[in-house]
Amino acid sequence: MENKIESLHHISLKSTPEKFPQVLHFYKDILGLEVFCQWSNGVLLKTGDSYLEIFSNAETEWSDGNIRHFALCVADVDQWAKKAAGEGFEVFMGPKDICFDSNPQFKARVAFCKGPLGESVEFFCENKFVVREKSTIEERIENLVFAREYCGILQQNIKTSRKIYLFCIIMGLIITGIGVSIHGTLSTILGSAYTLITVLLFIFAKEEYIRRFTKNYKKNIETAQTHTGVKMNFEDTTEIAFKYNSIEVKDISGKNSVFALKDFVRIIDHETKYILEFTEGRMVFIKKENFENREQLLALINPNTPPAAPAI
């Protein structure tokens with residue numbers, strides 16, 4: 001098996017014993033990092049999938065050199081910069097939007113502050129779009145119907161429905177034929193009407209499927225509101241974060257989903273939205289108004305070229 005570096009495990013800082021309480025207060029209490037483990041002269045703080053290691057046995061303020069800076073991934077750069085400044089720590093750069101000099105272009109929002117040891121701490125929000133939009137039941141139904149149609153599920157359901165309607169047409173013709181042969185006026189009329197209705201349903205099977213799907217969808221929403229007592233609000237925040245190797249999406253219900261870029265298939269250009277297609281029939285619906293053009297979106301999800309580091 002190939003021996004390679006998988007990810008960053010930790011960054012290490014060294015503080016004098018006198019300053020260690022202030023350092024721990026900054027990272028643990030102000031920034032809210034969780035203590036993973038602690039020993040007699042140090043602590044390991046959890047930062048997502050990596051760690052920040054802080055020793056308390058430095059003999060001088062600047063022993064063993066120093067690091068340039070390290071970045072903490074956050075959802076709201078401005079909020080964390082304001083909090084650090086409010087606690088008396090210098091915010092010497094930002095908050096501001098930056099664009100990496102790379103192909104494709106890669107955007108982020110950043111801010112830098114000075115930590116207790118003079119270290120530079122970067123608050124980093126990686127290319128996250130916060131899209132405030134009104135999403136109606138009709139739009140959600142449209143997306144679901146499109147996904148079923150594109151993946152072939154809609155056609156299968158319509159094919160099954162038409163088989164049922166065809167059987168009903170045959171039964172209607174039989175009833176009509178029996179009515180004619182015995183001169184039964186009522187049987188003839190009922191058989192003819194039944195046959196005509198099922199013929200129309202056979203022809204407009206797709207429209208009937210969408211009508212029933214819409215009716216049941218709205219019914220489910222109404223049932224949920226009745227039982228919970230909560231009025232469903234479809235105006236919410238959708239977050240789309242373009243990472244190096246994935247896309248993270250928060251939908252209007254608050255559910256988070258991760259789509260690996262290696263599974264990306266293509267962009268489907270719909271009338272009002274871009275649809276990102278992934279393997280196994282997974283799709284992400286994004287309104288066109290959030291991007292200048294299709295090329296801008298494609299550049300953001302290009303998995304082949306990692307972004308270069310900006311000059312700080």
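Student: How far apart in helix H6 are Arg 211 and Glu 208?

Tutor: Three residues, which means about one helical turn separates them in helix H6 (residues 205–228). Helices here are DSSP runs of H or I with at least four residues, strands are E runs with at least two, and both are numbered from the N terminus.

Student: What joins Glu 208, Arg 211 and Arg 212?

Tutor: Salt bridges with shared partners link these three into one network. A salt bridge needs a side-chain nitrogen of Lys or Arg within 4 Å of a carboxyl oxygen of Asp or Glu. For Arg 211 and Glu 208, the closest N and O atoms are 2.8 Å apart.

Student: What kind of model is this?

Tutor: It is a predicted model, where local features need pLDDT of at least 70, side-chain atom pairs count only at pLDDT 80 or more, and totals for chains, interfaces and linings use all residues. Residues are numbered from 1 along each chain as its sequence is written, and side-chain values use heavy atoms, with hydrogens and water left out.

Student: Is Glu 208 buried or exposed?

Tutor: Buried, because its relative accessibility is 15%. The cut-offs are under 20% relative accessible area for buried, over 50% for exposed, and partly exposed in between, using a 1.4 Å probe and protein chains only. Arg 211 is partly exposed at 45%.

Student: How many salt bridges are in the whole structure?

Tutor: Six. One of them pairs Arg 109 with Asp 78, with the closest N and O atoms 2.7 Å apart. Arg 109 is in strand E7 (residues 106–114) and Asp 78 in helix H2 (residues 77–86), so this pair ties together parts 31 residues apart in sequence.

Student: And what does Lys 28 pair with?

Tutor: Asp 29, at 3.5 Å between the closest N and O atoms. Lys 28 is partly exposed at 36%, and Asp 29 is partly exposed at 43%.

Student: Where is Ser 15?

Tutor: In the loop between strand E1 (10–14) and helix H1 (20–30). Ser 15 is buried, because its relative accessibility is 0%.

Student: What is Ser 15 in contact with?

Tutor: Setting aside neighbours within four places in sequence, Ser 15 touches Phe 20, Val 23, Phe 55, Ser 56, Asn 57, Ala 58 and Leu 117. Contact means heavy atoms within 4.5 Å.

Student: Which residues does the cis peptide bond join?

Tutor: Gly 94 and Pro 95, with omega at about 0°. Pro 95 sits in strand E6 (residues 91–100).

Student: How many bridges join strand E11 to E12?

Tutor: Five, and the two strands run antiparallel. Strands pair if DSSP finds at least two bridges between them. Phe 259 in E12 is the bridge partner of Ile 247.

Student: Last one. Which helix gives the most to the nonpolar patch?

Tutor: Helix H4 (residues 153–181), with six residues. The patch lies on the surface, and its members include Leu 166, Ile 174 and Tyr 194. Ile 174 is in helix H4 and is partly exposed at 43%.

Definitions and conventions. Patch = residues over 30% accessible without salt bridge, like charges linked within 9 Å, V, L, I, M, F, W, Y side chains within 5 Å. Areas by Shrake-Rupley, 256 points an atom, 1.4 Å probe, with all protein chains shown as cover.
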